[in-house]
Amino acid sequence: MAVHYLIQAEVVDIKQDLPKAGDAFLVDTNVWYWMMYNRAQQADRPPLGYQTTDYPAYLSKAITASSRLHRCELALAELAHLIERTELEIFAKASGFDKSKKKEFRHNYPIERANVVARIQSAWGQIKAVATPVAIQIDEATADAALTRLQSQFLDGYDLFMLEAMAKAGVVQVITDDGDFTSVAGIQVFTSNAKVIQAAQNQGKLVIR
C-alpha cells in the first residue's frame, strides 16, 4: 500500500534548488550514511541511485555556498547501527556467516569489529569536519515534548528528538529522504524523494525558492 502523506511542512526539491549562504540545514542520518560511508552500496538493501547522487551533490553545493550544516549527536547511534549492520551483511555474503548472529559477529571476530569501529569513526569524523552540532539534552522535559509531538506528527523515536533539537536551536531546514518529516508544520524539508515531492506538489506545499 502506498504511503499517503498529509504534507504540513514546506517541501523543496533539491534537484531544482541551489543552497544559499543564509541556509542552516540539519542533515538526517541516512544522508550522512550515504555520503560518508563508502560501502553502503554493498548492503543487502542498497540505497537507490538518486540517494547516493542527489544528496551528496546537494551537500557539496551547500558547503560551497557556505550554508551552515548541522548534525544531531543522536545521529551517531543511528549511524553506528547502520554501518555495523552493513558490515555484518558484507561479511556474511563473503564468508557464509549467519547474519542473524549479530552478537557473535560483534564479540567473536576482533578483526571485523576493529574494521566496524574504524569505519564508524571515519564517517563520524567526516561529519564533524563539515557540520556543527545542535544541542539536545534528553531529560524529562524533552521526553515529554517528544511524546506530545508523537500525537500529531508521524515520526520515529530518533526523529522526535531530532525535531526537539532543531526547535531549541532555531533550525527549520532539514535535508532528508524521509517523508515522515513532512508531517511537521513550520519546517522546510529539502528532499529528492519523488513520492514526497509529488505529494507536496499536489497539496500546494512544494516551494520554489
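Guide: Let us begin with ring pairs. Rings of Phe, Tyr and Trp (its six-membered ring) pair if their centres lie within 6.5 Å; planes under 30 degrees apart count as stacked, over 60 as edge-to-face and the rest as tilted. In this structure, ring pairs join Phe91, Phe97, Phe105 and Tyr109 into a cluster. The model is a predicted one, in which local features need pLDDT of at least 70 and side-chain atom pairs count only at pLDDT 80 or more, while totals for chains, interfaces and linings use all residues. Residues are numbered from 1 along each chain as its sequence is written, and side-chain values use heavy atoms, with hydrogens and water left out.

Visitor: How many aromatic pairs does the whole structure hold?

Guide: A search of the whole structure finds 11. Among them, Phe25 and Phe190 form an edge-to-face pair, with 4.9 Å between centres and 80° between the planes. This pair links distant parts of the chain: Phe25 belongs to strand β2 and Phe190 to strand β6 (residues 188-191), 165 residues apart. Helices (H or I, at least four residues) and strands (E, at least two) are DSSP runs, numbered from the N terminus.

Visitor: Is Phe25 buried or exposed?

Guide: The words have cut-offs: buried means under 20% relative accessible area, exposed over 50%, and partly exposed in between (1.4 Å probe, protein chains only). Phe25 counts as buried because its relative accessibility is 0%, and Phe190 is likewise buried at 0%. Tyr50 and Tyr55 form a tilted pair, 6.4 Å centre to centre with 45° between the planes. Here Tyr50 is partly exposed at 23%, whereas Tyr55 is buried at 0%.

Visitor: Which residues of helix α1 are buried?

Guide: They are Thr29, Val31, Trp32, Tyr33, Trp34 and Met36.

Visitor: What is a salt bridge?

Guide: Side chains of opposite charge can pair when their charged atoms come close. A salt bridge is a side-chain nitrogen of Lys or Arg within 4 Å of a carboxyl oxygen of Asp or Glu. The structure holds 10 salt bridges. In one of them, Asp17 meets Arg209, with the closest N and O atoms 2.9 Å apart. These partners come from distant parts of the chain: Asp17 lies in the loop between β1 (10-13) and β2 (24-27), and Arg209 in the segment after α8 (194-202), 192 residues apart. Asp17 is buried, at 5% relative accessible area, while Arg209 is partly exposed, at 34%.

Visitor: Which helices hold Arg106 and Glu84?

Guide: The side chains of Arg106 and Glu84 meet in a salt bridge of 2.8 Å, N to O. Arg106 is in helix α4 (residues 102-108) and Glu84 in helix α3, 22 residues apart. Arg106 is partly exposed at 25%, and Glu84 is buried at 9%. Salt bridges with shared partners also join Asp17, Asp23 and Arg209 into one network.

Visitor: What is the phi of Ser66?

Guide: Most residues other than glycine have a negative phi, and most peptide bonds are trans. The phi of Ser66 is near 65°, a positive value in a residue other than glycine. Ser66 lies in the loop between α2 (49-64) and β3 (68-72).
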